Amino acid sequence: MILPIHVYGSDVLRANALEIDFAAYEGLQELIANMQETMERADGVGIAAPQVGLAIRLLIVDGKPFGEDDPELAAFRRVMINPVLLEASEETAEYSEGCLSVPDIHADITRPARIKVKYLNEKGEEITEDFDGFKCRMVQHEMDHLDGKMFVDRATPIRKKMIAAKLNKIASGKVRTHYKVARLMPKK
């Protein structure tokens with residue numbers, strides 16, 4: 001089932017997501033399948049639960065769309081439940097990022113070039129894994145969503161000024177996408 005994606009201005013995107021009790025979370029596998037379908041339909045390579053309105057620590061990354069350019073990404077897909085960043089390199093890398101929750105905006109973002117993450121996979125198995133390159137970028141971008149952060153928060157001050165008007169339009173509900181978005185509730 002395609003889920004509506006929450007966009008910039010939605011409170012759930014700024015919440016600290018709660019850990020999931022894997023054994024007790026009813027409907028988790030269905031949610032994972034729905035998030036995957038939603039991400040694919042929206043032409044995304046990652047999605048976090050807050051983006052579909054749930055403040056829980058769950059994300060999916062999928063490098064398949066980049067598989068032609070980078071064969072290493074063709075089979076890269078991870079479901080991460082309760083991911084924890086264990087290590088981050090001092091070395092950084094810059095890349096232009098975008099986000100399904102911030103349509104039509106991109107910014108060059110600097111992040112650690114390598115990370116180590118511990119998480120549960122969709123089977124409930126604990127995994128510790130190192131990431132670098134674009135895999136590292138996708139994981140960090142989605143993990144930010146679990147902590148109420150968005151890529152635009154990491155943009156340079158000048159870039160933030162340049163995109164401020166566009167962000168305000170999105171937050172006021174003036175957004176067009178080819179995918180379903182959640183309706184923003186007016187601020188009181």
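Which residue just after α2 takes a positive phi? In this predicted model, that residue is Gly148, with a phi of about 75°.

Helix α2 covers residues 133–146, 14 residues in all, and spans 21 Å from its first C-alpha to its last. That is close to the 20 Å expected at 1.5 Å a residue. Most of α2 is tucked away, with 12 of its 14 residues buried.

Five strands make up an open sheet, ordered β1-β2-β3-β6-β7, with antiparallel pairing. The edges belong to β1 (46–48) and β7 (126–132); each has a single partner strand, so one side of each lacks a neighbour in the sheet. On average, neighbouring strands are turned by 40° against each other, direction ignored.

Within the sheet, β2 (residues 58–62) and β3 (residues 77–88) pair in the antiparallel sense over five bridges. Here Asp62 sits opposite Arg77 of β3.

Both helices meet this sheet. Helix α1 (residues 28–41) packs on it, touching β1, β2 and β3, and the direction of α1 makes about 45° with that of β2. As for α2, this helix lies across β1, β2, β3, β6 (114–120) and β7, running at about 155° to β2.

Conventions: Residues numbered from 1 in each chain as written. Predicted model: local features only at pLDDT ≥ 70, side-chain atom pairs only at ≥ 80, totals over all residues. Heavy atoms only, no water. Helix = DSSP H or I, 4+ residues; strand = E, 2+ residues; numbered from the N terminus. Expected span 1.5 Å × (residues − 1). Buried < 20%, exposed > 50% of the residue type's maximum accessible area, 1.4 Å probe, protein only. Pairing = 2+ DSSP bridges. Axes fitted to C-alpha atoms, helices over the stretch in contact; angles between N-to-C directions. Contact = heavy atoms within 4.5 Å.
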